[in-house]
Amino acid sequence: MTSSKLISYTTREFLTENELELYVKMQDEIYTPAVIDEFIKSGLLRRALTKVWNEKSASKVAIIFEYKDDQSFVACQRLLEKYHHPKVKNFANKVVGTRGIVLHEFTADEFS
């Protein structure tokens, strides 16, 4: 079982597949080991970037963030504003964010 208390699920829909690919390629530039360490120290437990595959006409990614608690969420929002937002501000994309409090959860033993 994870210890996530809050989960954020954000989608980014790009105008073209090329824009989406450029965004994906930028992830290692944005999230260096030092930046990742800052997020972890601030309470981020997990981040995953996924390509939405069940909407054939969309150039869309989904980003999942799992946080220890509400203070972690706030701290990580500051880090996103510092590291992520300046690098992606010129992308023309539709961003939709959903935030949730974990009410029920189960995980496989193989999930680490």
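Two strands are said to pair if DSSP finds at least two bridges between them. Helices (H or I, at least four residues) and strands (E, at least two) are DSSP runs, numbered from the N terminus. In these terms, isoleucine 7 has glutamate 66 as its bridge partner in E3.

The structure described here is a predicted model, in which local features need pLDDT of at least 70 and side-chain atom pairs count only at pLDDT 80 or more, while totals for chains, interfaces and linings use all residues. Residues are numbered from 1 along each chain as its sequence is written, and side-chain values use heavy atoms, with hydrogens and water left out. The predictor's confidence in each residue is expressed as pLDDT, from 0 to 100. Its mean for the protein is 92, and 97% of the residues reach 70 or more.

The strands form an open sheet of 4 members in the order E2-E3-E1-E4, with antiparallel pairing. Because strand E2 (44-51) and E4 stand at the edges, each with a single partner strand, one side of each is left without a neighbour in the sheet. Strand E1 (residues 6-14) and strand E3 (residues 59-67) pair in the antiparallel sense over 9 bridges; glutamate 13 stands opposite lysine 60 in E3. Antiparallel pairing over 9 bridges also joins E1 and E4, where valine 95 in E4 is the bridge partner of arginine 12.

Helix H1 (residues 17-25) packs on the sheet and touches E1, E2 and E3 (contact means heavy atoms within 4.5 Å), its direction making about 30 degrees with that of E3. Helix H4 (residues 70-88) lies across E1, E2, E3 and E4 and runs at about 145 degrees to E3. A kink of about 40 degrees in H4 is centred on leucine 80, the bend at a residue being the angle between axes fitted to the seven residues ending there and the seven starting there. Leucine 80 is one of the buried residues of H4, which also include Ser72, Cys76 and Tyr83; buried means under 20% relative accessible area, exposed over 50%, and partly exposed in between (1.4 Å probe, protein chains only). The buried residues of H4 pack against E1, H1, helix H2 (27-30), H3, E2 and E3.

The structure holds 6 aromatic pairs. Rings of Phe, Tyr and Trp (its six-membered ring) pair if their centres lie within 6.5 Å; planes under 30 degrees apart count as stacked, over 60 as edge-to-face and the rest as tilted. Phenylalanine 65 and tyrosine 67 form a stacked pair, with 6.1 Å centre to centre and 10 degrees between the planes, and both residues are buried. Phe14, Tyr23 and Phe91 form one aromatic cluster. Phenylalanine 91 lies in the loop between H4 and E4 and counts as buried because its relative accessibility is 11%. Not counting residues up to four places away in sequence, phenylalanine 91 touches Phe14, Glu19, Leu22, Tyr23 and Met26.

Notes: Axes fitted to C-alpha atoms, helices over the stretch in contact; angles between N-to-C directions.
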